[in-house]
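This report covers helices, aromatic contacts, salt bridges and a surface patch. The sequence and structure come first.

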Amino acid sequence: MKNIMCFIKENLAVGLLLFALFLGAGNIIFPPLLGQQAGENMVPAMFGFLITGVGLPLLAIVAVAKAGGDLQLLANRVGPIFGIVFTSIVYLAIGPFFAVPRTGSVSYEIGIAPFLSEATANHWAPLFITSVLFYMLILYLALNPKKLVDRVGKLLTPILLLVIVVLAVKSFVTPMGNPGDAIGNYVTAPFSEGFIQGYLTMDVLGALVFGIVILQALRGMGMHDPKKQVKTTIFAGVVAAIGLAFVYISLGQIGNTSIDVIGASDNGGIIIAKSAAVLFGNLGSIILSVTILLACISTAVGLLSANAQYFNRLFPKISYKTYIIVFTIFSLIITNFGLSTLINTSLPVLLIIYPLAMVLMVLSLADNFFKGGRIVYILALIPTFFVSIYDGLKQLNVQIPLYENLLNTLPFHEQSLGWLIPAIVGAAIGIVIHKLSK
């Protein structure tokens with residue numbers, strides 16, 4: 001018992017670090033929206049959301065740790081070209097394409113818009129002015145990295161968590177109202193809809209990148225034994241998973257009880273901002289706004305820096321400074337399309353790359369069973385891609401009747417999980433071929 005307590009005490013800081021990496025401001029906006037739209041079906045919807053938003057990121061952290069902490073090394077098991085392409089897509093998704101612009105949009109939706117009139121908040125000018133100022137600051141901090149940014153990030157995470165706890169406790173003790181009626185896919189398939197909505201957190205993609213951060217932290221602590229590193233990383237993942245589950249359930253509860261008071265919304269940022277005002281008045285709105293605004297700054301700087309470092313390593317002829325400037329300007333442009341547009345655009349892409357990431361991750365955990373046979377990865381990922389790419393296209397209202405009729409014969413296709421059985425069959429065939437070839 002004493003040894004267990006010592007282990008927990010020694011490694012709790014690593015778990016809190018991982019939790020801090022996951023808890024970006026963008027993660028705050030999806031559970032309230034799920035809670036409001038799922039209505040009376042929130043429990044199965046939240047269960048599905050926790051699988052992709054908490055459970056799979058935990059497995060991803062372990063998979064990357066076992067692979068030495070480098071996502072590209074993990075993806076190279078399929079092939080070097082796939083390793084470069086897939087890793088680049090993951091970095092861009094959690095960088096200037098989706099996650100960084102989301103920090104700019106959330107900063108406006110929660111930090112600025114609640115204090116403007118409805119007509120002013122919906123005009124393009126306030127978002128543009130806010131995003132220009134936001135990214136000017138981001139550019140300065142990313143080009144001049146200081147310890148202050150790390151300190152702000154470490155300070156803001158517990159503050160943001162405290163704000164969420166206070167909001168959650170208040171919403172449980174004195175709920176704003178009763179759950180409304182479920183809408184959309186939450187009526188007929190709440191679990192699978194929650195499962196898909198968990199993609200939007202991008203936590204699995206983030207976990208594939210955060211693995212290297214955790215291993216560097218462990219090596220900095222003097223831990224160089226790979227087995228101890230994996231063991232500690234698993235513990236850190238469990239700590240982070242518990243924290244994330246608490247945050248998601250709490251925010252889901254806030255959204256679930258909000259519709260009677262603030263009305264329906266398709267924007268999670270608006271739901272949490274208005275709920276804070278109802279639960280704690282203007283002071284609550286101000287505290288939430290300032291905390292999330294600062295958290296967005298810290299998150300954006302970290303993600304842009306990580307992207308610039310990766311692509312500078314991949315293409316060293318282009319400087320880190322140039323990457324930072326280009327990525328910042330690109331993020332500024334994307335931000336001004338608005339949070340709802342950004343979320344709707346990101347979902348088709350995530351429907352394509354998330355299944356690939358999940359299959360790659362699961363196979364890497366079972367790598368010892370088939371001795372790293374490349375054919376296993378290839379035959380599992382090819383059918384996964386051909387099914388998931390159509391799921392993404394269908395989200396964009398692109399339909400190919402003949403192809404869709406074929407995919408409709410697959411189990412779980414209606415739940416956007418049609419890739420599951422083909423991936424299993426492909427992996428099984430790959431294992432047989434690998435063993436016979438030896």
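Glycine 39 follows helix 2 and has a positive phi, near 55°. Helices are DSSP runs (H or I, at least four residues), numbered from the N terminus. The model is predicted: local features need pLDDT of at least 70, side-chain atom pairs count only at pLDDT 80 or more, and totals for chains, interfaces and linings use all residues. Residues are numbered from 1 along each chain as its sequence is written, and side-chain values use heavy atoms, with hydrogens and water left out.

Helix 2 (residues 30-38) is largely enclosed by the rest of the structure, because nine of its nine residues are buried. Buried means under 20% relative accessible area, exposed means over 50%, and partly exposed lies in between (1.4 Å probe, protein chains only). Among the buried residues of helix 2 are Phe30, Pro31, Pro32, Gln36 and Gln37.

Helix 17 (residues 339-365) has a kink of about 35° centred on leucine 350. The bend at a residue is the angle between axes fitted to the seven residues ending there and the seven starting there.

## Aromatic pairs

There are 18 aromatic pairs in the structure. Rings of Phe, Tyr and Trp (its six-membered ring) pair if their centres lie within 6.5 Å; planes under 30 degrees apart count as stacked, over 60 as edge-to-face and the rest as tilted. Phenylalanine 97 and phenylalanine 98 form an edge-to-face pair, because their ring centres are 6.3 Å apart and their planes stand at 85°. Phenylalanine 97 is partly exposed at 37% relative accessibility, whereas phenylalanine 98 is buried at 7%.

A further edge-to-face pair joins tyrosine 390 and tyrosine 403, at 5.3 Å centre to centre and 75° between the planes. This pair links distant parts of the chain, 13 residues apart: tyrosine 390 is in helix 18 (residues 374-395) and tyrosine 403 in helix 19 (residues 401-407). Tyrosine 390 is buried at 0% relative accessibility; tyrosine 403 is partly exposed at 23%. Elsewhere, ring pairs connect Phe47, Phe191, Phe195, Tyr199 and Tyr354 into a cluster.

## Charges over rings

The charged end of lysine 170 sits over the ring of phenylalanine 280, 6.0 Å from its centre. Lysine 435 lies over the face of phenylalanine 369, 5.4 Å from the ring centre. The criterion is NZ of Lys or CZ of Arg within 6 Å of the ring centre and within 35 degrees of the ring normal.

## Salt bridges

How many salt bridges does a search of the whole structure find? It finds two, each defined as a side-chain nitrogen of Lys or Arg within 4 Å of a carboxyl oxygen of Asp or Glu. One joins aspartate 367 and arginine 77 (3.7 Å, N to O). Aspartate 367 is in the loop between helix 17 and helix 18 and arginine 77 in the loop between helix 4 (71-75) and helix 5 (80-97), so the pair ties together parts 290 residues apart in sequence. Aspartate 367 is buried at 15% relative accessible area, and arginine 77 is partly exposed at 23%.

Lysine 394 and glutamate 404 also meet in a salt bridge (3.9 Å, N to O). Lysine 394 belongs to helix 18 and glutamate 404 to helix 19, so this pair ties together parts ten residues apart in sequence. Lysine 394 is partly exposed at 25%, and glutamate 404 is buried at 15%.

Key:
Helix = DSSP H or I, 4+ residues; strand = E, 2+ residues; numbered from the N terminus.
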